[in-house]
Amino acid sequence: MSLSTKDLLGIKSMTADEIKLILDTALTFKDVSERDIKKVPALRGKTVINLFYEASTRTRTSFELAGKRLSADVINISTSTSSVVKGETLLDTARNIEAMKCDMIIVRHSCSGAPEYLSKRLKSSVINAGDGFHEHPTQALLDMFTIREKLGKLEGLTVAIVGDIMHSRVARSNIYGLIAMGAKVRVCGPPTMIPPGLECMGAQVYYDMDKAVEGADVVMMLRLQLERQAAGLFPGVREYARLFGLNQQRLSGAAKHALVMHPGPMNRGVEISSEVADNTPVILEQVTNGVAVRMAVMFLLSGGTKAEA
Ligand code: CP
């Protein structure tokens with residue numbers, strides 16, 4: 001089985017079988033990063049472009065490593081040193097990149113829908129590396145991979161996602177993916193950061209963090225987007241930390257085996273205490289797994305099958 005689509009734009013349109021295919025394929029690729037020689041020839045001769053219009057540490061680096069470990073040629077374009085600063089449009093930039101015969105473009109952009117817009121106009125595969133408030137599909141895939149690896153399954157688990165749900169593309173992709181895979185999803189945050197329609201997506205909404213965390217198998221904390229503080233969405237950082245920050249005492253209400261997750265970057269002392277952050281290995285394991293998951297996505301979009309991985 002392979003992926004039938006050219007692009008990976010979001011989790012919303014994916015079936016449980018497609019998600020499972022990516023997670024199973026990533027399991028095979030995880031082993032590559034454990035070897036002395038961290039390379040397989042799966043994408044030899046292919047060219048991959050990282051086109052990031054927003055800052056990134058984890059996603060950009062892991063896409064680059066994933067491509068290189070698959071033997072692709074990988075080029076990073078930093079928009080701040082590209083002709084984007086001279087006013088070149090997104091489409092013109094992408095068309096010029098494609099004119100150099102690339103096979104795959106990985107896009108992060110502040111506008112929701114930018115990767116989809118490109119995917120309809122380019123022959124190359126387009127992978128969404130995070131677009132506006134819309135989706136961050138590979139983050140959700142690596143999160144699901146990590147949960148499945150640590151707890152053995154996704155079906156039937158209770159996952160509490162806490163924080164600025166409104167502006168979080170990570171939350172949106174995880175809600176779609178976890179529900180498709182049979183998990184129960186609780187979302188929690190201040191009322192000003194909970195968008196309408198979450199119940200229609202299948203999530204349960206909480207405004208009290210202790211209740212949201214109670215008995216949860218996974219507590220997924222989101223970054224408080226401090227750049228939005230001026231918008232008056234909450235009274236202050238201290239108040240936010242008191243009501244929606246994860247500390248050891250609050251975590252004690254979750255299941256004994258509960259995983260604490262965070263997509264990064266973390267605001268220590270705001271959404272997560274340093275004590276909690278430093279006592280869970282899972283947050284860095286998410287980052288490790290991101291390379292394997294992105295290898296699987298790139299491989300499957302290139303026409304590879306799980307049997308060939
Ligand atoms: N999780 C995540 O997307 O991190 P970066 O912004 O560093 O890529």
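In this predicted model, the count of aromatic pairs comes to 2. The table sets out both of them.

| Pair | Distance between centres | Angle between planes | Arrangement |
|---|---|---|---|
| Phe29 and Phe299 | 5.2 Å | 75 degrees | edge-to-face |
| Tyr240 and Phe244 | 5.7 Å | 40 degrees | tilted |

The planes of Phe29 and Phe299 stand at 75 degrees, and the limit for this class is over 60, so the pair is edge-to-face. Because Phe29 belongs to helix α1 (residues 16-30) and Phe299 to helix α11, the pair ties together parts that are 270 residues apart in sequence. Both Phe29 and Phe299 are buried. Tyr240 and Phe244, in contrast, both sit in helix α8 (residues 237-244), 4 residues apart, or about one turn of the helix. Tyr240 is buried, with a relative accessible area of 2%, and Phe244 also counts as buried, at 6% relative accessibility.

The largest nonpolar core holds 62 residues, of which Ile127, Leu141, Met144, Ile161, Leu178 and Met298 touch the most other members. Helix α11 (residues 282-301) gives the largest share of this core, 11 residues. Apart from it lies another core, of 26 residues, including Met193, Leu246, Leu251 and Val270. Leaving aside residues up to four places away in sequence, Met144 touches Ile19, Leu23, Leu154, Asn174, Gly177, Leu178 and Met181.

The largest pocket has a volume of about 540 Å³ and is lined by 24 residues, with Arg108, Arg169, Arg223, Gly264 and Pro265 nearest its centre. The elements giving two or more residues to this lining are α2 (58-69) and α6 (169-180). By type, the lining of the largest pocket divides into 6 nonpolar, 11 polar and 7 charged residues.

Methods
Residues numbered from 1 in each chain as written. Predicted model: local features only at pLDDT ≥ 70, side-chain atom pairs only at ≥ 80, totals over all residues. Heavy atoms only, no water. Core = buried A, V, L, I, M, F, W, Y, C linked by side-chain atoms within 4.5 Å. Buried < 20%, exposed > 50% of the residue type's maximum accessible area, 1.4 Å probe, protein only. Contact = heavy atoms within 4.5 Å. 1 Å grid on protein atoms, 1.4 Å probe; cavity = no way out; pocket = protein on both sides within 12 Å on 5 of 7 lines; lining within 4 Å. Points joined across faces, edges and corners; volume = space filled by probe spheres on them. Nonpolar A, V, L, I, M, F, W, Y, C, P; charged D, E, K, R; others polar. Phe/Tyr/Trp six-rings, centres within 6.5 Å; stacked < 30°, edge-to-face > 60°.
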